[in-house]
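User: I've got this model open and I'd like to know what stands behind the labels. Can you take me through some of them?

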Amino acid sequence: MGKNQSSEKFKSKIGGQALIEGIMMLGPNTGAMACRLPDGSIDLETWEENNGSNAPWYKKTPIVRGCVSFVTSLTKGYKYMMKSAEKQLTEEEKAESEKSGIFDIVMYIGMFIGIVLAMGLFIFLPKIIVGLISGIAEYRIIRSILEGIVKIAIFVAYMALVSLMKDIRRQYEYHGAEHKTIACHEAELPLTIENVRKQSRFHKRCGTSFIFIVLIVGIFVMCFVPFTVTWQRILASVILLPLIVGISYECIRLAGNHDNLFTRILSAPGLAMQRITTREPDDSMIEIAITAMKPCIPQNREEDKW
């Protein structure tokens, strides 16, 4: 954890995501997005959420809730990522964008490219690479492990490479601000810049940790797939993805709720990866995180418990 200290007293349901010059937070009853505008002011948007005690059954049922959470996080995260990007436009640029509809076109094209890229890198490519190894087909367990290792290597390399980009590095700093603010809330300290600054930027219930668990669970599940032809294994991976995501979500809940040798081992790769995907934020970023966090804290503390 480095010099940062965590003094967690309870585990909060509130989670977040770094945006472009901003942060989104999702609480049991309220979601919020705070962005730093080009003029230096802070823009705050809030909306209703339904993740508390009155949440529908599919948000409470094991395995199913993981799949729902994953899809919701992707769609909502992308939506507000695009909105945060739009807020960085000048009034003239916004007017031109609305007139031509170019921003919406770019948004959908970007979403399509992102999905294709993710499937290509993390589903197709590892299986194709391992499938090229002579004589590996009949050893499905060894093949599944090798596919998982290649997948993890691609993921780490990709995240490390994009971190070299100035804009992405700045987004990683906002990611750090999000984690530190949630840690401050869980330590039951007043949400001030000074208190947040002292917290750890590493968090066991982070999306980065979740992705690593998905990769690890995927290795285990694919060991039971009897297919040896590459295209069949690719198809099986796509079909089994909801199950893998659902199991992974339950694993990260387990890791978040317990502190023992097993959960520490389970959390270790994701926490290590957060050394790349989070950076120490400046005070202006912490201010954004606090602004996004405050509307999401429910009055009833019981609704906020993970």
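This is a predicted model: local features need pLDDT of at least 70, side-chain atom pairs count only at pLDDT 80 or more; totals for chains, interfaces and linings use all residues.

User: What makes β2 and β3 count as paired?

Analyst: Pairing takes at least two bridges found by DSSP. β2 and β3 have five, so they qualify. In that pairing M25 stands opposite A32 in β3, and a hairpin of three residues joins the two strands.

User: And which strand pairs with β2 besides that, and in what sense?

Analyst: Strand β1 (residues 15–19), antiparallel, over five bridges. Q17 stands opposite M24 in β2. The β1–β2 hairpin has two residues between the strands, and E21 takes a positive phi near 55 degrees there.

User: How do you know whether β2 is covered or open?

Analyst: Buried means under 20% relative accessible area. Five of the five residues in β2 (residues 22–26) are buried, so the strand is called mostly covered. Both faces are covered: G22, M24 and L26 are buried on one side, I23 and M25 on the other.

User: Over to α8. Why does its length agree with what a helix should span?

Analyst: Helix α8 covers residues 230–257, which is 28 residues; at 1.5 Å a residue they should span 40 Å. The end C-alpha atoms are 38 Å apart, so the two agree.

User: Where is the kink in α8?

Analyst: At L240, shortly before the proline P242, with a bend of about 50 degrees.

Notes
Residues are numbered from 1 along each chain as its sequence is written. Side-chain values use heavy atoms; hydrogens and water are left out. Helices (H or I, at least four residues) and strands (E, at least two) are DSSP runs, numbered from the N terminus. The expected span of a helix is 1.5 Å times one less than its number of residues. The bend at a residue is the angle between axes fitted to the seven residues ending there and the seven starting there. Buried means under 20% relative accessible area, exposed over 50%, partly exposed in between (1.4 Å probe, protein chains only).
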